[in-house]
Amino acid sequence: MTKFDALAWALNRGWVKVVLITVLLYVIWSLIYGSVNDFWKFNLLVLGINIILAVSLNLINGFAGQFSLGHAGFMAVGGYSSAIITLYHSGELSALGMPEFMIFSIAVLAGGITSAVFGFIIGLPALRLKGDYLAIATLGFGEIIRLSVLNVDYLGGAAGLKGLPAYTNGNWIFFMAAAAVIVISNLINSSHGRAILAVREDEIAAESMGISSTRYKVAAFVIGAFFAGIAGALFVHNIRLVNSGSFTFMKTVEILVMVVIGGLGSTTGVIIGAVFFTLTNSFLADYPYERMIIFSIIMIILMLLRPEGLMGSREFRRRRCRS
Amino acid sequence: MPILKTENLTRSFGGLRAVANLGVEIGKGGLAGLIGPNGAGKTTTFNLLTGIIKPDSGRIIFNGRNIAGLPPYSVTRLGIARTFQNIRLFKDLSVLDNVKIACHHRVKYSLLESMVFRFGRFGAEERKITEMSREFLGIFGLLKYSSDRAGSLPYGLQRRLEIARALATVPELLLLDEPAAGMHPGEKKDLMELIGFIRKKFGLTILLIEHDMNLVMGICESIFVLDYGVLIAEGPPEKIKADRKVIEAYLGEEASDA
């Protein structure tokens, strides 16, 4: 085997490509993150969180085709669960000899898992509904979560919990965003992912092919909720405050805008959507009032020119489907 | 022992008895036809057999087991596959993916393995699925379209793809709902030869709904005739052709004073 054969062999392995691209992007990310001022550092962290949110909402709305508007609610669950750990239990954990990194890992994971459990409990009954009804039900659940939290003193009530440690940093954001993208792409490019797509395309046909549509709708919902919870945990440890005001319906709309701009059902598309949305927002930070107007105009133009979103449902790579 | 047997199968929609006390029996390896005028309850029967709608009463015995009331995906896993009268492909997915989806219920790797732990059996299983799916596409002459969007195929090929997809679930009993609808005579003939071929190759039992009488009489070994949800005749084609009730159902009664 010559050197080139070995190289070709390696490049033909999917995971080698993934590792190479991840390392390359990490280098680029570190260079950019290390050289910008604090304002842009903050915005880059927001960007990473938005990518996780957009990619996970796209799994539910784009791939599984279940129109959910409860993503901010799952973020809230993740945010509060992780804050409970870093704020109330960090003393006990560090007494066990755990470094900060470990404590935050546990907090983020707890945020994701709690959110996934909520996703399961909410998803199982709600996913019996379709279309508009599902959207309204999930919107309702999101608001119920937010308003419940608002009335729990343990969680700080209306003021929320302040003074969280600023654990979220460039590395955390990069690797969690990469994990979300890789895990969700892996899922979609597997037999289980094809089952999710089949349910979106035609539920009756999917059932007739031996696929339990409930199982895969709930699976997509739970996995989406898991990553929304992780994003919530990273979010609250970036702004160092967890407050139910951060997780209103408008937050869900923001995520939905990123997904729709990028193209429902395209992971690369919604990443571009998240980048576009976040950067536009931060470039217009000096014009807080004009911002919404300019943003609306951009949205209208985009919807006129490309109603299916920037990428449609295609991925930015070899095309899987000729049409 | 028959592979499929229904006993008193009944289903009403409001005041309409779509299927009433249906009792049919299909022997293993047989090729049976289900015919009847429009609205006779043929597709409802298929929907009952595959679990898409639940019967009000009655039993469906498949391989000695009552499957009435099971959800469609369980019925498919037990070995009954079907196609649809109005084609139900996964239109926005590729032709190959359509067939791969039908292989899904035999996949052994878990959800977690597909997302995170992609070593071990994941690769081998995926290769197996792809290879098998390509084989089915090959049998139906669809291999060269494998990366096309399923919805972009011409009508006749979409019908073929639907059968290929049903076969990929590896059924024992295949239900075809008007497989030749909308095809011209040449296409119909090819399709019928193909159905005969896959029946032999995979040892299938086939039940088909079809309106083209020449075709039904030509290939079916036994025929069931439904009218207003009631089984009015059954037997070999020659007997059905001569059956007075069948002729009446299709052509109307003779004037009584004639």
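How many residues does the contact take from chain B and from chain A? This is a predicted model, in which local features need pLDDT of at least 70 and side-chain atom pairs count only at pLDDT 80 or more, while totals for chains, interfaces and linings use all residues. Residues are numbered from 1 along each chain as its sequence is written, and chains are lettered from A and ligands numbered from 1 in the order in which they are written.

Select both chains to begin: the contact takes 33 residues from chain B and 28 residues from chain A, two residues being in contact if their C-beta atoms, placed from the backbone, lie within 7 Å. On chain B, colour helices H2 (72-78), H3 (95-102) and H4 (111-115), each of which supplies at least two residues of the side that touches chain A; helices are DSSP runs (H or I, at least four residues), numbered from the N terminus.

Next, select domain 1 (29-57 + 68-79 + 171-258) and domain 2 (89-165) of chain B, whose bounds come from an automatic or database domain assignment. Their centres, taken over C-alpha atoms, are separated by 28 Å, and the contact takes eight residues from domain 1 of chain B and six residues from domain 2 of chain B. On the domain 1 side, H2 and helix H7 (185-202) of chain B each give two or more residues.

Finally, move to helix H1 (residues 42-49) of chain B, where seven of the eight residues are buried, that is, 20 or more other C-beta atoms, placed from the backbone, lie within 10 Å of the residue's own. Among them are B:Phe46, B:Leu48 and B:Leu49. Just after H1 of chain B, stop at B:Gly51, which takes a positive phi of about 85 degrees.

Key: A residue is buried if 20 or more other C-beta atoms lie within 10 Å of its own, exposed if 12 or fewer, and partly exposed in between; C-beta atoms are placed from the backbone.
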